[in-house]
Amino acid sequence: MRPKVWMPAGLWLVGWRYLARHRWQSLLMVLGIALGVAVMVAIDLANASASRAFELSTEAVVGRATHQIRGGPEGMDEEIYVRLRRAGLGIPLAPVVSETVFSETLGNRPLQLLGVDAFAEAPFRSYVSAGGALPVESLSTFFLQPRTVLLLGETAERYGLGVGDRFRVEVAGRQTEMVIAGLLDPPDALTRRALDGVLLADIATAQEVTGRLGRLDSIDLIVTEGQTAVLMQAAGMLPAGTRLGPVAERSQAVEQMTAAFQLNLSALSLLALVVGLFLIYNTMTFSVVQRRELFGTLRCLGTTRREVFWMVLSEGVTVGVLGAALGMLLGVWMGRQTVGMVTQTINDLYFATTVREVGVPAASLVKGGVVGVLATTAAALLPAWEAASVAPRLALSRSGLESKARRAVVWTALAGIGAMLLGVAAFQLPGNGILTGFGGLTAVLVGFALLAAISLVGLMRGAAPLLGRLSGFLGQMAPRNLVNALSRTSVAVAALMVAVAVTIGMTLMIDSFRHTVQVWLASTLMGDVYVSVPSTTGTTPMTALDPQVVETARSWPGVERMYVTRSTILDGEQGNVHVSAMDNPGIENERYYQALFVPRGQLWSAMQAGSVAVSEPLARRLGLMEAGAVLRLNTRQGWAAFPVAAVFYDYASSEGSLLMSRGVYQRYWADESVTALDLRLGAGVEADGWARELQSALGGQQRLLVRSNQTLRADVLAVFDRTFAITLALRLLATVVAFIGVLNTLLLLQFEKQREVGILRALGLSGGQLWKLVMLETGLMGMTAGLLAMPTGYALALVLVYVINQRSFGWTLQLDIRPEAFLTAFGWALLAALLAGILPAYRLGRMPAAEVIRYE
Amino acid sequence: MTFLRLEGLSKAYTEGGKRRVVLNAVNLSVERSSLTAILGKSGSGKTTLLNLISGIDTADSGQVWVEGLELTRLSDQERTLFRREKIGFIFQFFNLIPTLTVWENLTLPLALNGRMNAAGKARAEQLLAEVGLGGRQATYPDRLSGGEQQRVAIARALVHDPLLVLADEPTGNLDEDSGGQIMELLNRLTRENGKNLFLVTHSLEAAAYADRRLRMHEGHLEEAAA
């Protein structure tokens, strides 16, 4: 007497027909999951596209190189390459000069100018040596004529360019004219994508246009596994300040740089799916409650518990599969809209990618689909278990179930408090991991969600007498109805509460962040006017200013004082470090310090003696928060130790940066360049007008950004807002899913209440009164969700500000609480609930009372 | 030949903190191919007795033997599978699955038993014709009258050729005429198919079809007058 199959076809039909009969609730479930999956797929696509774009950009530049020799801020002498060549190492070597440039003709986006030696290229970058694809005249032009480049055929075609055409390129703010010597046509799609943003030039041309005559950025090497001795020999021939390392080291560093950003985005993208799961759980529970009699009958007919379980679970899986399929399609579309935002943020904060199109990675789709189906199945497990536990008796009443739900209220609340404590404990775990941070955050959120039932019961008990006085028997009835259907109303309230709480938490976090950045800008930007070369990224400009520009600005009428800064990336023992070398002795008063390891008033003198000040993110990342910390950097004189004299608050980048006296920098790196000017004007000089004048005077020498203090602050805040645009979009989508959840719950409640409403209508309840009843119920649900969302949102803000942000990016933010965030979110909760009540009220109102009463 | 045997069967419920004995050491033997009616007032324990015989519920003490198999020793899973194969159920409120058509409802026991083959289908068609709903295969239950729904339920109770048909107030939700027709049908079909019918009812008209009538009174079964 063993069942032959896990679920007979007849039962599958029962489940499927149920979904088909309840089109609205099935559709809303599918939509909820679809949106959740779509958001996840979209963000994953955008993240993967951004990463792939970086990989492709890197691949285009490094080709098959396994190792690279890199110089300091000024690159390295090309003599090093000559020496290595002459040494007869027996491994392929190729010199490279690369620079990010712009061209209005080519869409004014970042492009990679790659200068190579065509004769050394063959083992490295196949598209260069695959010169066979190029006509002989193109090759001879490329080799013999100065300022010529090779361009991808498709790119040239897109902008209406052809062989022999001239176009202007902006290199380090200076315009120069280039000629297209030939068009590249690589055989594979991947290389074509990688080359979309590349201008390939002869190394001499690249040196000339970048102003780095006789200098190289890197020397590429191909070293096989058994050639460690050769590697050692090459390393031994290198002067101080240069470094030989594997190519992967660099791309890994960049990946690590964006990992926290992408992880945060991915975590946020799961939010809509989590809210969607509440929706599935609620709807499935509803459907089980509605069908208790059916399950009882099936059990009487000999259906086993396991078969009932599989039947209900298969309904969940069906919804999951449909939702995930729709979500994947929607996700690809949303991903295409999102990829621009993510790439923009990565360009603003981290590095410039030159690749435009990377296609749709199948892994993102599969991941989204699988997570969607698994999550839906998980959400359907409990309702399926509940269905399977229905006794094969028909007498078990709904009221019995509800009284069971009410009895569970206290235990649920206690479980909620337990979850919160678990979350807080997770924050205390050693290691400060981002994942444990998010784990704790989820536990806190779930903990608050588990308080929804007790909050609903408490608030409704309190509201009933008041509403009774205000709205008569309907006012008494509405809260009672919600408590009587607690098993479902509490889940809907929890779903809406989670979405609204996240809105509050995110708003408070972003407000706090913005406020902190504003305070930081006010303390950091003390100059009246700033001059720099436009940067490919939104972070610190690193392109050198023309020395003529520096002198012109210094002597421009109205300038009282001028400080100069050289920003660059240096090779540190624990990876690359962003450094700003400056000559401003007032630095101690122009920053907020988290820690000062030298006596007050002596920071500048300590810096002049070789100490450095590090930003909070850098200090956290490299473990430099303690007094006596030392940072080792690769100088032209070899590795040198720089004591940390102070840790300052800084929000310019999550990688962090280091401040150094310019004198010390010049001593160690012999670099005279300047990348930014900080001008202090005399009293009464109007900064904006003055900046415009200087801009037009200097414009002929180099394209520059001359910005008044106010303009620069506004620009920084614009980048800030752009960075959070995607966060706001994700938050909105989660709220939409929560709205769908509430709508679905109300539709289901309406279905259940048909008979009760029919009797009320038969007894004389008017259409208006019916609307009032439904709206009172939905309004009370929205109100409960909104009220509970306030403490939850506040707790989330605390976790986001003090745990997640600090662990992900190393920033300490000052919590800025504004009541508007709470009031707006409460308003949204109420509005969403009331809007969700319209359709059920309309449908109930149109139902003839006689038919409703007759309904079995 | 004894087909069903109950020995010292007892069942009590706790209500409002008080223990209420519904069945008190009930003993019974039922012969094969017979129609037995259990009469009694509402709440007298008739349905509880049916639930214990079908294995839907478990007894506090005592044994239930069906065709030599001690049901009270089986696990929940075993009892479910026994019920699926050996028992046909007819309920007061018909309990057809609203989302399935008449045909799908009727053949559900065949599907559950993995017997949805040509022979099974032929039997289902024959039974549907016998209950007078031959042309209504594609109709959904909400389009049928109460009497018609109960006919489908009777056919469903017999379609998988069970050992025992349990009918719990099969006419309780029908008017007098329909109730009479249903009892006629039930009586004819169970006898024609050589089935054992165990009928729980408070209707003397319905009980009149039975070979043996018993009355449930204060937890005990007593023979009732014809």
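Entry 1. I began with strand S1 (residues 2–15) of chain B, which is joined to S2(B) by 10 bridges, the two running antiparallel. Helices (H or I, at least four residues) and strands (E, at least two) are DSSP runs, numbered from the N terminus. Two strands count as paired if DSSP finds at least two bridges between them. I looked up one facing pair: B:Thr14 is opposite B:Arg19 in S2(B).

Before going on I noted that this is a predicted model, in which local features need pLDDT of at least 70, side-chain atom pairs count only at pLDDT 80 or more, and totals for chains, interfaces and linings use all residues. Residues are numbered from 1 along each chain as its sequence is written, while chains are lettered from A and ligands numbered from 1 in the order in which they are written.

Entry 2. I then traced the sheet: four strands of chain B form an open, antiparallel sheet in the order S2-S1-S4-S5. Strand S2 (18–31) and strand S5 (69–70) of chain B are at the edges with a single partner strand each, so one side of each has no neighbour in the sheet. Helix H1 (residues 46–54) of chain B packs on this sheet and touches S1, S2 and strand S4 (61–66) of chain B. Contact here means C-beta atoms, placed from the backbone, within 7 Å. The direction of H1(B) makes about 125 degrees with that of S1(B). Axes are lines fitted to C-alpha atoms, for helices over the stretch in contact, and angles between N-to-C directions run from 0 to 180 degrees.

Entry 3. Which residues of strand S7 (residues 164–168) of chain B are buried? I found that five of the five are, so S7(B) is largely enclosed by the rest of the structure. Buried means 20 or more other C-beta atoms within 10 Å of a residue's own, exposed means 12 or fewer, and partly exposed lies in between, with C-beta atoms placed from the backbone. B:Leu164, B:Leu166 and B:Asp168 lie on one side of S7(B), and B:Val165 and B:Ala167 on the other.

Entry 4. I checked the partners of S7(B). Strand S6 (residues 87–90) of chain B runs parallel to S7(B), joined by four bridges, and B:Gly88 is opposite B:Val165. Strand S8 (residues 196–200) of chain B also pairs with S7(B) in the parallel sense, over five bridges. There, B:Leu164 has B:Asn196 as its bridge partner.

Conventions
Contact = placed C-beta atoms within 7 Å.
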